[in-house]
Amino acid sequence: MTGPSISTDSGCLPVRGDLAHIKLAGRCFVPHYAVPMPHQVTAAAALRATGRLDADEICQVPAGAIFNVLDMSGGWAWGQCGEDGPVGYLPLSELQAA
């Protein structure tokens, strides 16, 4: 990586302090990069700011939408809606591998 890491705003790029989408390698400095695992949303679900039911809702993700999972932990998936959509957390119970 040359030059400074790009700055990010929560929700606009699939990057967090410990992990980023592989497409951001060389643009963001994080310890790990992940290749997205496409999943289909099985029923409309709220995309959350953190992996908790009481977390702020970012948006509603419709059934059938593709959610690119970058991390799974504690019953939640962190990732991005489609290729350029919002980033957040969905319950694993609302996803199936595409």
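Reader: Which residues does Asn-68 touch, leaving aside those up to four places away in sequence?

Author: Asn-68 touches Pro-36, Met-37, Pro-38, Trp-78, Gly-79, Gln-80, Gly-82 and Glu-83, with residues up to four places away in sequence not counted. Bear in mind that this is a predicted model.

Reader: Where is Asn-68 found? And is Asn-68 buried or exposed?

Author: Start with the idea. Buried means under 20% relative accessible area. Asn-68 has 5%, so Asn-68 is buried. Its place is strand β7, residues 66-73.

Reader: Which side chain makes a polar contact with the side chain of Asn-68?

Author: That of Glu-83, at 3.4 Å. Glu-83 is also among the residues that Asn-68 touches.

Reader: Now charges. How many salt bridges does a search of the whole structure find?

Author: The general idea: side chains of opposite charge can pair when their charged atoms come close. A search of the whole structure finds 4 salt bridges. Take Arg-16. Arg-16 forms a salt bridge with Asp-18, and their closest N and O atoms are 2.6 Å apart. The side chain of Arg-16 also meets that of Asp-71 in a salt bridge, at 2.5 Å from N to O.

Reader: What does the pair of Arg-16 and Asp-71 tie together?

Author: Look at where each one lies. Arg-16 is in strand β1 (residues 15-16) and Asp-71 is in strand β7, so the pair ties together parts that are 55 residues apart in sequence. Asp-71 counts as partly exposed, at 25% relative accessibility. Asp-18 is partly exposed too, with 35%.

Reader: Which salt bridge does Lys-23 form?

Author: The side chain of Lys-23 meets that of Asp-84, at 3.8 Å from N to O. Lys-23 lies in the loop between β2 (19-21) and β3 (32-34), and Asp-84 in the loop between β8 (76-81) and β9 (87-91), so this pair ties together parts that are 61 residues apart in sequence. Lys-23 counts as partly exposed at 36% relative accessibility. Asp-84 counts as exposed at 70%.

Reader: Which residues do salt bridges that share partners join into one network?

Author: Arg-16, Asp-18 and Asp-71.

Reader: Last, the surface. Which residues form a nonpolar patch there?

Author: Ile-22, Tyr-33 and Val-35. Together they have about 260 Å² of accessible area. Ile-22 sits in the loop between β2 and β3.

Reader: How do I read the 39% relative accessible area of Ile-22?

Author: Exposed means over 50%, buried under 20%, and partly exposed in between. Ile-22 has 39%, so Ile-22 is partly exposed.

Technical notes: Residues numbered from 1 in each chain as written. Predicted model: local features only at pLDDT ≥ 70, side-chain atom pairs only at ≥ 80, totals over all residues. Heavy atoms only, no water. Helix = DSSP H or I, 4+ residues; strand = E, 2+ residues; numbered from the N terminus. Buried < 20%, exposed > 50% of the residue type's maximum accessible area, 1.4 Å probe, protein only. Polar contact = N/O pair within 3.5 Å; in protein donor to acceptor, adjacent residues only side chain to side chain. Contact = heavy atoms within 4.5 Å. Patch = residues over 30% accessible without salt bridge, like charges linked within 9 Å, V, L, I, M, F, W, Y side chains within 5 Å. Areas by Shrake-Rupley, 256 points an atom, 1.4 Å probe, with all protein chains shown as cover.
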